[in-house]
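Okay, thanks for coming, everyone. I've got one chain to walk you through today, so let me put it up on the screen.

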Amino acid sequence: MDKKWKVGILGATGMVGQRFIALLENHPWFEVVTVAASPRSAGKTYEEAVGGRWKMTTPMPESVKKLVVMNVNDVETVAATVDFVFSAVDMKKEEIRAIEEAYAKTETPVVSNNSAHRWTADVPMVIPEINADHLALIEYQKKRLGTTRGFIAVKPNCSIQSYTPALAAWREFEPYEVVATTYQAISGAGKTFKDWPEMEGNIIPYIGGEEEKSEQEPLRVLGTFCNGEISKAEDLKITCQCIRVPILNGHTAAVFVRFRKNPTKEELIDRLVKFSGLPQELKLPSAPKQFIQYLEEDNRPQVALDVDYENGMGVSIGRLREDSIYDYKFIGLSHNTVRGAAGGGILCAELLAAQGYIPVK
């Protein structure tokens, strides 16, 4: 590619911002040229602003160390330097909504990891393999914003990535009732064990807001786009419990499903391993070659063995079996800060770029 897209990261010093930076190192399409954060970090080099808080296992890329952190609130100044931004800001929800819309109104596309706009009617919330057609909402959003180029697109919550792809792969069998319990890693709270030593050997049976997101967001992702609106999947009911567990990376889900039709186990596995979408068809740089793998061993998937499947961009399913109350049950696993956060955002941006939604300035 002759010319790379110039990328800014809003909230660049936090854990998800750091993950964006780590994943974008040597990206074939995107180049990080701007990092922005709170006023207390502004004016420092990125290396100085992060200090000893670099939370990735890989070293901080040399290309960003000397970038001077900009004030995320200087919207026009930041926007003038980039083709689009990734948003991982840590603010109150209403503040996030306002600042992301402010960037969009400068004609800067915003690809957001935040939850603030996930239920804004004309903002697409996308898992690229599942509902890429929802990106058509952008044209309606631009009319509302009065923009020609600026818009907001979001990715859904990390907690749903380990089971929603399976439900999408099984649509023909009409799943209609789902019970899921998610066992969520501490990095989902932006923490490491150094930050949160009381999580070692501990389980906390509550994560604020997660159960509602885990129950409702899949219904929007699996919903239908028609006449500028997304209709939720109303024939599907999901109930969840979300538990914080002493794992650094990787959200696991234990899931029970009822189907209106009567699939065999073999049919269900076949649909999982064959499931793919536009990212695979377009061979996008971050797309996993195989989105979902099925593991036959009784003790898989495991975080230690499987969380980095397809560089953290794939989903692992195992222990699919008939249930005595529901029809089937299974275990799912996904990487919460790669597929579930920054990596999912990057894949969304690749799809947007490939489809012409993000022209180079």
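This is a predicted model: local features need pLDDT of at least 70, side-chain atom pairs count only at pLDDT 80 or more; totals for chains, interfaces and linings use all residues.

Is Ala 353 buried or exposed? Its relative accessibility is 8%, and because the cut-off for buried is under 20%, Ala 353 counts as buried. If you skip its neighbours within four places in sequence, Ala 353 is in contact with Trp 5, Trp 29, Phe 30 and Ile 358. One distance for you as well: Leu 284 is 69 residues away from Ala 353 in sequence, and the two are 10.0 Å apart in space, C-alpha to C-alpha.

Okay, zooming out to the chain. We have 13 helices and 14 strands here. The radius of gyration is 20 Å, close to the 21 Å that the globule rule gives for 361 residues, so the chain is as compact as a globular protein of that length. Along the principal axes, the C-alpha trace spans about 60 × 50 × 40 Å. Buried residues come to 59% of the 361. And if you take contacts with a separation of 6 or more, 77% of them are between residues 24 or more positions apart.

What about the inside? In soluble globular proteins, nonpolar side chains tend to be buried together. Here the largest nonpolar core has 55 residues, and the ones touching the most other members are Tyr 103, Trp 170 and Phe 330. Apart from that one there's another core, with 49 residues, including Leu 24, Val 32 and Cys 348.

Now helix H9, residues 210–221. That's twelve residues reaching 16 Å from first C-alpha to last, close to the 16 Å expected. Its buried residues include Glu 210, Glu 215, Glu 217 and Arg 220, along with Pro 218, Leu 219 and Val 221.

With a relative accessibility of 1%, Gln 184 counts as buried. Its side chain makes a polar contact of 2.8 Å with the side chain of Thr 182. Beyond its neighbours within four places in sequence, Gln 184 is in contact with residues including Glu 210, Ser 159, Cys 242, Arg 244 and His 251. And Glu 210, remember, is one of the buried residues of H9.

That's my tour; over to you.

Methods
Residues are numbered from 1 along each chain as its sequence is written. Side-chain values use heavy atoms; hydrogens and water are left out. Helices (H or I, at least four residues) and strands (E, at least two) are DSSP runs, numbered from the N terminus. The expected span of a helix is 1.5 Å times one less than its number of residues. Buried means under 20% relative accessible area, exposed over 50%, partly exposed in between (1.4 Å probe, protein chains only). A nonpolar core is a set of buried Ala, Val, Leu, Ile, Met, Phe, Trp, Tyr and Cys residues joined through side-chain atoms within 4.5 Å. A polar contact is a pair of N or O atoms within 3.5 Å; within protein, one must be able to donate a hydrogen and the other to accept it, and residues adjacent in sequence count only if both atoms are side-chain atoms. Contact means heavy atoms within 4.5 Å. The radius of gyration is taken over C-alpha atoms; the globule rule is 2.2 Å times the number of residues to the power 0.38.
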